[in-house]
Each structure stands twice: as structure tokens, then as C-alpha cells.
Amino acid sequence: MDRLLEVENLHVSFHSYAGEVKAVRGISFGVDKGETLALVGESGCGKSVTAKALMRIFDRTSGEIMPGSSIRFDGTDVMALDKKALHAFRGSQIGMIFQDPMTSLDPTMTIGKQVGEALVIHKGLSMREAEKQVVELLRMVEIPNPEERVKAYPHQLSGGMRQRVVIATALACNPKLLIADEPTTALDVTIQAQVLDLLRDLKVRFGTAIILVTHDLGIVADFSDRIQVMYAGQIVEEGTKRDIFKRCRHPYTWALLRSIPQEHTTGTTLYSLKGTPPDLLMDIQGCPFASRCEYCMPICRQKMPERKALTDTHALSCWLTHPQAPKVECPIPREGDEEDG
């Protein structure tokens with residue numbers, strides 16, 4: 001497949017009164033055209049920061065993409081864009097669905113004006129022309145009676161409808177990449193399924209690549225093509241759905257999967273990962289997961305393991321892959337080895 005996005009050595013820091021918070025620590029990855037990549041991990045692991053960095057949302061007052069970071073999108077050096085070019089790039093090339101639709105929508109503006117704003121800015125339409133296209137966008141994301149909804153304010157819509165409005169806004173200029181940052185967090189299970197079905201349909205219809213940011217591995221299993229597991233601002237394991245759910249090798253990935261309720265765990269205590277993530281104000285000398293890992297060895301606290309490719313699609317950073325490391329069996333019960341659905 002053709003490579004759409006290429007990220008190399010991405011570092012993102014926040015400058016606080018206590019010092020420099022190193023939220024993302026030198027990660028590299030890519031996304032192909034039409035692919036869905038999931039970024040998963042606990043809260044605070046750097047998923048959303050990574051997603052926002054791709055659009056250079058940060059500035060020195062909030063956060064900073066550090067020198068040496070490289071982001072290339074469809075042949076364009078995103079880090080080299082000036083303010084005007086960056087303004088044109090956002091929305092037209094990459095669209096973003098933010099976590100909370102209520103806080104990402106302006107309560108003082110009608111839906112028609114908010115969605116139409118992107119069309120006015122990026123396509124040069126008048127607001128009247130834009131609002132006509134907004135009706136079609138709302139119809140595309142399956143909002144009933146779109147002619148009336150364009151006149152409504154966010155508080156007059158349900159949570160599911162507000163999320164659809166945010167999706168319509170992100171898709172207004174038909175971007176090549178859509179970033180969905182926890183798009184179903186505030187929604188009930190039924191609406192979650194509807195939103196994911198909508199994103200899946202739009203991906204097929206327009207060939208849009210998607211980066212899904214989530215901590216919900218159930219969604220990931222159903223929706224993504226490839227998965228990157230993040231911890232303490234680093235990618236600790238990456239692979240296809242089959243690699244991660246059937247052949248994962250990193251203890252942190254095991255912990256995430258063990259914490260998901262399964263049919264065979266009925267009546268038993270659900271697994272809980274002990275300890276807390278490392279302080280991102282500090283330099284991390286060894287493996288960032290060492291203090292919480294039940295398989296930790298002395299080398300784990302002394303030196304960060306190098307990335308090891310197990311196959312063309314599956315790679316991880318863990319000392320357990322070293323030939324001299326003890327052989328550790330995956331602690332997750334296996335119930336068959338079915339093909340991915």
C-alpha cells in the first residue's frame with residue numbers, strides 16, 4: 001500500500017512550573033492510505049498528544065514538538081509549514097474528531113454555521129452556499145431531518161447527534177486522514193456501535209485513512225487494521241490485530257488484554273495492573289514498564305530494550321525477546337486461533 005503518513009523520532013514536551021514533561025519520547029510509525037491504525041494504552045500514555053502533534057496543534061505555551069521530530073504527510077513536510085500553510089493544511093488534509101463533542105462545539109453557534117465554517121475557510125464558499133452543503137453532510141452522517149438540524153444549537157441535540165456533527169465537521173473537506181480521538185467515550189453502547197458503523201462506512205466510501213485513539217480494546221478488535229500499544233510516551237508493541245490479540249509478547253500488552261472481561265472469567269476477580277506509570281518529568285533509564293512488570297529483570301531497569309521485529313508486521317521493545325532471557329509463556333488463556341473477522 002502507499003504510505004500516507006510517516007512519523008520519525010517524534011518528541012513532544014509540556015513546559016510546567018515543575019519542569020519539562022516529556023509526554024512523547026521518540027516514537028516512529030507510519031500510516032498507509034485507506035488504513036485504520038489504533039493507538040491504545042492507559043490514560044496519560046501519550047496517545048492523544050501524538051494525535052494532536054500530527055496537526056501541530058501545540059505551541060510553546062501549551063506544548064512543544066521538539067527539534068529533530070519529523071512528520072511527513074503525503075510528501076509534505078508538516079514541520080516546515082508556516083502559519084498560513086498550516087492553517088490550510090488542518091481540516092483539508094487531516095480532520096480530527098475530538099473526545100467530547102459538547103466541549104468541541106461552540107454553544108453560541110448553530111450547527112450549520114459551525115460545520116460550514118470549514119467550507120468557508122478551505123473551499124472559499126459563502127456561508128449561504130456552505131449551509132447548503134452542510135445539509136448534505138448531516139444527511140451523510142445520518143442525522144434525521146438535516147434541514148432543521150442546521151438551525152439547532154448543540155444543547156438541543158443528543159450526545160450521539162453531537163458526535164455525528166463533529167464527524168461531519170471533520171469530513172467537510174474530504175480529508176485524506178481522519179483522527180478519531182476517543183470518539184465513543186461519552187456515548188452509550190448502542191450509540192457507540194452506530195458511530196463506529198458510520199466511520200467504517202465512510203472509510204469504505206471515501207478511502208479515508210483513520211487513526212483511532214482509544215483505551216477500549218473491544219473497539220480496536222472490531223475496527224482497526226493495525227495496532228500500536230503505547231506506554232509512558234513510547235510504542236512498546238505494534239502489529240496487526242492478529243499479532244496483538246493472538247501473538248502479543250510484551251507484558252504490558254498482556255496486562256491490557258487480561259483486564260478485559262471474558263466469558264471464562266465470570267465469577268472470578270478481574271485482573272488489575274498494579275502500580276502507576278513513571279513520572280514523565282524524569283528521564284527513564286531502562287524500560288518504562290519495569291517497575292510494574294512481574295517479569296522484570298535487572299537489565300530492564302538499566303537499559304531500554306531495542307525494538308525487535310518478530311515478523312514483517314509485528315515488533316516490540318522488551319528484554320524477554322533476548323536469547324538469554326527466561327522463556328515466559330503468555331498468561332492469557334487461548335480459546336482457539338480463529339482468523340480475524
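Reader: Why does the radius of gyration of the chain agree with that of a compact globule?

Author: The radius of gyration, taken over C-alpha atoms, is set against a rule of 2.2 Å times the number of residues to the power 0.38; for 341 residues a compact globule would have a value near 20 Å, and the chain has 21 Å, which agrees. The C-alpha trace spans about 70 × 50 × 40 Å along its principal axes. This is a predicted model, in which local features need pLDDT of at least 70 and side-chain atom pairs count only at pLDDT 80 or more, while totals for chains, interfaces and linings use all residues. Residues are numbered from 1 along each chain as its sequence is written, and side-chain values use heavy atoms, with hydrogens and water left out.

Reader: What makes serine 48 count as buried?

Author: Buried means under 20% relative accessible area, with exposed over 50% and partly exposed in between (1.4 Å probe, protein chains only); serine 48 has 18% relative accessibility and therefore counts as buried. Of the 341 residues of the chain, 48% count as buried.

Reader: Where is serine 48 placed, and what joins its side chain to that of aspartate 181?

Author: Serine 48 is in helix α1, residues 47–53, where helices (H or I, at least four residues) and strands (E, at least two) are DSSP runs numbered from the N terminus. The side chains of serine 48 and aspartate 181 are joined by a polar contact of 2.9 Å; the term asks for a pair of N or O atoms within 3.5 Å, and within protein one must be able to donate a hydrogen and the other to accept it, residues adjacent in sequence counting only if both atoms are side-chain atoms. With contact meaning heavy atoms within 4.5 Å, serine 48 touches Gln99, Asp181 and Val213, leaving aside residues up to four places away in sequence.

Reader: What makes strands β8 and β9 a pair?

Author: Two strands pair if DSSP finds at least two bridges between them, and β8 and β9 have five, in the parallel sense; across them, isoleucine 179 stands opposite isoleucine 211 in β9. Strand β3 (residues 36–40) is joined to β9 by four bridges, also running parallel, and leucine 39 has valine 213 of β9 as its bridge partner. These strands belong to an open sheet of eight strands with mixed pairing, in the order β7-β8-β9-β3-β10-β11-β13-β12. Its edge strands are β7 (94–97) and β12 (308–309), each of which pairs on one side only.

Reader: How do you know that β9 is largely enclosed by the rest of the structure?

Author: Five of the five residues of β9 are buried, so the strand is largely enclosed. Ala209, Ile211 and Val213 point one way from β9, whereas Ile210 and Leu212 point the other way, and all are buried. In a regular strand the side chains alternate between the two faces of the sheet.

Reader: What is called the largest nonpolar core, and which residues have the most contacts inside it?

Author: A nonpolar core is a set of buried Ala, Val, Leu, Ile, Met, Phe, Trp, Tyr and Cys residues joined through side-chain atoms within 4.5 Å; the largest has 39 residues, and Ile97, Leu138, Val165 and Ile167 have the most contacts inside it. Its largest share, seven residues, comes from α7. Apart from this core lies another of 35 residues, among them Ile27, Phe58, Met230 and Ile235.
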